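Subject: Structure handover

Hi,

Here is the structure I promised you. Could you open it alongside this email? My notes follow below.

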Amino acid sequence: MSRLPIGIVLNGVTGRMGYRQHLVRSLLAIREEGGLPLADGTRLWPEPILVGRSEAKLAEIAQRHGLTEWTTDLTAALARPDVQIYFDAQVTQQREKAIRAAIEAGKHVYTEKPLAEDTAAAVDLCRAARAAGIKHGVVQDKLFLPGLRKLKRLVDGGFFGRILSVRGEFGYWVFEGDWQAAQRPSWNYRAADGGGIVVDMFPHWHYVLEQIFAPVRSVQATIATHIPTRVDEQGSAYGATADDAAYGTFELDGGAIAQINSSWAVRVYRDELVEFQVDGTHGSAVAGLRECRIQHRGSTPKPVWNPDLPATERFRDQWQLVPDNEVYDNGFKVQWELFLRHVHENAAFPWDFAAGARGVQLAELGLRSAAEGRRIEIPSLEL
Ligand SMILES: NC(=O)c1ccc[n+]([C@@H]2O[C@H](COP(=O)([O-])OP(=O)(O)OC[C@H]3O[C@@H](n4cnc5c(N)ncnc54)[C@H](O)[C@@H]3O)[C@@H](O)[C@H]2O)c1
């Protein structure tokens, strides 16, 4: 079977997402399977070119995985004729200018979210990508998680009747870094470095709501910096200037109300790190990363409020597990495969820069809503 190499610049590959999810779990996993099979029988073979700031770290990663191509010179990497795709998993702040350079070099661009730091920049990147005629995409990994795919299946199958509400609970305790190391990078907690949970998570909530339920029509958010001082990777204390919790309400087209709590200062008493409860006239579901449970109207109990008695029913036992009914691969890898097919076979890829810009817009308007203490309607973006 013939193998067709496709050069992919991976920038930010020393980071958490760049290394684990995109290099190892996606592109190297595709190689381990013998490449991505195309319709004509050829196998597309990702050839990663690792880009970053530290020669030593890049060389170490390359050596660990038997790769030979790495550089600290992004311009040189983008000038290579064998490179077709630029991928960005850098810190958010560095993204815009690198993507712009990739577009100018005529490369297709796939990127981690958020697409840019503000809506104007995201819209501008979208326009530039369209004008250059390149293919573009933004990571929307949550859509490819088993739990959310089961939820989408339920929506598509009409399980809920009229959907009334979506309650999302996301978060876990991120250690302050003093007596136990923090499990997230310190830039996440500094506004000046592009941190904050709204900028991080609202782009995710945007595509989850828009693509599983309905477009988001308004946002109202309250934000907090619950932990004001943290300790960084070098052991130095710093002031946390970015929001570490956001309590958001989103009105959806058609009238459903979504409420999503996002927090790095909450302890988990749930089955998964994110869970969405969806209530509809005909049934309800609770979906996490992997599992999804349902309760149909026909099996809904009739509890009666009586605080004088202990709970008479085991409510959690009254839900039914939704079966897998298919095999779920890593979500990042699935979306990479779709992007590669988009580039190579022109397959549809709706998760483009326009979708990414709408996610950035929701984060920006969420922050504005919190600053101004009011609900904000979301205008449609002129793209
Ligand atoms: N899709 C998801 O679920 C998900 C989850 C977490 C993070 N992300 C996104 O991925 C991106 C990277 O996040 P991460 O958690 O991997 O961060 P990280 O700090 O672990 O990695 C950041 C990468 O950017 C590089 N970098 C380039 N310029 C830098 C600079 N000036 N300062 C610091 N680092 C610089 C670092 O070397 C590193 O390779 C962010 O844009 C974030 O929003 C997405």
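Asn 325 sits in the loop between strand E17 (320–321) and helix H8 (331–345). Its phi is near 60 degrees, a positive value in a residue other than glycine. Helices (H or I, at least four residues) and strands (E, at least two) are DSSP runs, numbered from the N terminus.

Before you go on: this is a predicted model, where local features need pLDDT of at least 70 and side-chain atom pairs count only at pLDDT 80 or more, while totals for chains, interfaces and linings use all residues. Residues are numbered from 1 along each chain as its sequence is written.

Another loop to look at lies between strand E6 (108–111) and helix H5 (119–132), and holds Pro 114. The peptide bond joining Lys 113 and Pro 114 is cis, with omega about -15 degrees.

On the whole protein: there are 9 helices and 18 strands. The C-alpha atoms fill a box of roughly 70 × 55 × 45 Å, taken along the principal axes.

Now the ligand. Gly 15, Arg 16, Met 17, Glu 112 and Pro 185 come nearest among the 19 residues around it; a residue is near if its C-beta atom, placed from the backbone, lies within 6 Å. Helix H1 (residues 16–32) gives the largest share of this shell, 3 residues. By type, the shell divides into 5 nonpolar, 8 polar and 6 charged residues. Here Ala, Val, Leu, Ile, Met, Phe, Trp, Tyr, Cys and Pro count as nonpolar, Asp, Glu, Lys and Arg as charged, and the others, Gly among them, as polar.

Next, the helix packing. H5 packs with helix H4 (residues 95–104) at about 10 degrees, with the axes 10 Å apart, so the two are roughly parallel. Axes are lines fitted to C-alpha atoms, for helices over the stretch in contact, and angles run from 0 to 180 degrees between N-to-C directions. Angles under 35 degrees count as roughly parallel, over 145 as roughly antiparallel, 65 to 115 as roughly perpendicular and the rest as oblique. From H4, Glu 96, Ile 99, Arg 100 and Ile 103 meet Ala 121, Leu 125, Ala 128, Ala 129 and Ala 132 of H5 (contact means C-beta atoms, placed from the backbone, within 7 Å). That contact has 7 nonpolar, no polar and 2 charged residues.

H5 also packs with helix H9 (residues 353–372), at about 175 degrees and with axes 8 Å apart, so this pair is roughly antiparallel. The contact has 9 nonpolar, 3 polar and 1 charged residues.

Helix H6 (residues 146–156) and helix H7 (residues 197–213) pack at about 30 degrees, axes 9 Å apart, which makes them roughly parallel. Leu 148, Leu 151, Lys 152 and Val 155 of H6 meet Val 208, Ile 212 and Phe 213 of H7.

Last, the UniProt record (unreviewed entry) places "domain: GFO/IDH/MocA-like oxidoreductase" at residues 149–285. UniProt positions are in the numbering used here, feature names are shortened, and annotations may be inferred rather than shown by experiment. That span is 18% helix and 36% strand, and its end C-alpha atoms lie 12 Å apart.

Cheers

Key:
Contact = placed C-beta atoms within 7 Å.
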